[in-house]
Every structure is written in C-alpha cells, then in structure tokens.
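Hi,

Here is the structure I said I would pass on.

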Amino acid sequence: MPERLFVCTPSKLGAFADCPRRYRYSYVDRPAPPKGPPWAHNSLGASVHTALKNWYAVPADSRDESALPRLLKATWVREGYRDVDQERTTYRAALRWLETYVHGLDPADEPLGVERVVATKTAVLAFNGRADRIDARRGPDGPEAVIVDYKTGRSGLDAGDARGSQALALYAYAASRVFRRPSYRVELHHLPTATVVSHEHTEESLARQVRRAEQTARDIMAAEKAVASGADPDAEFPTNPGALCSWCDFRKSCPTGQDVPAKDPWTAVEHLTATA
C-alpha cells in the first residue's frame, strides 16, 4: 500500500520545526495538555487581520479610513490584556496602523483572495493553508499571483524573513496550482512600521521549500509511527529549549519549559503603552 499523505498546514509544520514536544502536545496527545492563558499579541493580530479582511468585503467606494473604526471595533478580541487601559492603548495603536496602511491601498483593487485557503498535494504532503491576501498583478510574462502576509509584531522585518519563510513559499506553490498562474513573489507587510519586504522565488527555490516541508513531514510520521509501536514519546518528540519556551502555550505541562521564566500574557504589547 502507498504511504498516506501527511495532511498539514504551515502552522503544523512550524510547530514541529520549532519544538517537536510542542507538536506532540498540540497534535498527538489526546487529551491535549491544557494551554496557558490567551496572549494579548495574538488577540491584537487576530483583530487587525479580521478588520483587513472585512475592509475588502465592503463596497469599493466605501473602502477608506473612515470605515476602519467600525471594522476594528467589530472584530476586536479583548483577551490577554493586563487591564482596560492597556487594551484601549493597543486598540488606538492598531487603528493608527490600519489607517496608515489602507491609505496606501487602491480601494478599487480586487485581490484574487482574502483569507483564501489554497491547497495542493505532493508525493508526501496534502497541504492547505489560509493566505492573508493573494493579489492579482501583472508580471513581465503576464498575470501573476502575489502572496501577501500581514505582520503586527514588534520587530521589524527584512528581505531575509520573506526569503526564508516556508509558509509563504508553500502558499505560493499552492496558489500557482489553484489559480493556474505563476506565483513567485511573496511579501510581508509590517503594519506597525508601514514597511513591506519581499522576495522573488524561482521554481528551484520553491522546490527546495517543498522538499524541506516533505522532510519535516517524514520526520513527524516516523515519530508518530514509533510512538504507536510503543516507543517513548518523550524520546521521539524531544524538547527544543530556548527563548520560545517563555511564550509556549504548553510551558506549564513541559518540564523543560518550566525551567524558563514565564512571560505575562501582555508582555509583547507593553511597548505600545510606553510609547503612547
């Protein structure tokens, strides 16, 4: 019998690459260990992403800055903040980012997809992922699909972040097959700094990222098969201790993670209060 395809998303592959133990807690152990409290930066990111999704859902003649307060308020996620004052400050910062960002957009542009799921299969993977936005643009050889990913984190980005992102490469690989047009350009749009970093992939660079994802999938399937045959789960899904442990949802369930100081749920948005 042929090997079954590994059904995956970018976050599923990324969880194993970051820490196999976190992957196990998320996707293998049942019942899964309890997660920690919600993170304010995740609430912020979700709120901004959904507001931009809904901005494209309104008629083109209504796509301007005046629509943003209503859209952001309707999608605002309140979890994880230290108090009401911090939440309000963060909301105002997010609204400023959105106003600056949409000011540079053409409201008449209709993307190929917004929060669009793209999917494809390889010899190893059954991949699907939800791209923030897929733009239809004119390239040197005709219509192209451009992958756009919104970022709301504190740190700025550079071209290396776009070039090295496996998720963006997989989105491009899948989008080219879904829309039947080339998809090589990937972009990270960092809203806090109003900057865009990009990378132009080639067929070979996309193929390298696909092979990398396939190898990760093989490693996961081998570990899952070993555990099913009686191997020690801790040995097959080892920890990868480091700075990410402080931010892990499963830190309290992980002996290694407990050795790393915890972050408060609102730590990643504290700088917004300091600069307000």
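**Around Val148**

Val148 touches Tyr101, Asp132, Arg133, Asp135, Arg137, Glu187 and His189, leaving aside residues up to four places away in sequence. Before you read much into that list, keep in mind that this is a predicted model. Val148 belongs to strand β4, which covers residues 142-151. Is Val148 buried or exposed? Its relative accessible area is 0%, so Val148 counts as buried, the cut-off being under 20%. Ile134 is another residue to look at here: 14 residues separate it from Val148 in sequence, yet the two C-alpha atoms are 5.9 Å apart in space.

β4 and β5 run parallel and are joined by five bridges. If you want a place to start, find Lys151, which stands opposite His190 in β5.

Glu187 stands opposite Ser198 in β6. Together β5 and β6 make a hairpin with four residues between them, and in the turn Ala194 has a positive phi of about 55°.

**Helix packing**

Now for the helices. The axes of α3 (residues 40-55) and α4 (residues 68-75) come within 8 Å and cross at roughly 130°, which means α3 is oblique to α4. The crossing is right-handed. On the α3 side the contact is made by Ser47, Val48, Thr50, Ala51, Asn54 and Trp55, and on the α4 side by Leu68, Leu71, Leu72 and Thr75. Sorted by class, that contact of α3 with α4 has six nonpolar residues, four polar ones and no charged ones.

α4 packs against α5 (residues 84-103) as well, at an angle of about 135° and with the axes 10 Å apart. That angle makes α4 oblique to α5, and the crossing of α4 and α5 is right-handed. Here α4 contributes Leu68, Pro69, Leu72 and Lys73, while α5 contributes Tyr91, Ala94, Leu95, Leu98, Glu99 and Val102. By class, the contact of α4 with α5 divides into eight nonpolar, no polar and two charged residues. Leu68 and Leu72 of α4 are in the contact with α3 and also in the contact with α5.

Cheers

Technical notes
Residues are numbered from 1 along each chain as its sequence is written. This is a predicted model: local features need pLDDT of at least 70, side-chain atom pairs count only at pLDDT 80 or more; totals for chains, interfaces and linings use all residues. Side-chain values use heavy atoms; hydrogens and water are left out. Helices (H or I, at least four residues) and strands (E, at least two) are DSSP runs, numbered from the N terminus. Buried means under 20% relative accessible area, exposed over 50%, partly exposed in between (1.4 Å probe, protein chains only). Contact means heavy atoms within 4.5 Å. Axes are lines fitted to C-alpha atoms, for helices over the stretch in contact, and angles run from 0 to 180 degrees between N-to-C directions. Angles under 35 degrees count as roughly parallel, over 145 as roughly antiparallel, 65 to 115 as roughly perpendicular and the rest as oblique. A crossing is left-handed if the near helix is turned anticlockwise from the far one by less than a right angle, and right-handed if clockwise. Ala, Val, Leu, Ile, Met, Phe, Trp, Tyr, Cys and Pro count as nonpolar, Asp, Glu, Lys and Arg as charged, and the others, Gly among them, as polar. Two strands pair if DSSP finds at least two bridges between them.
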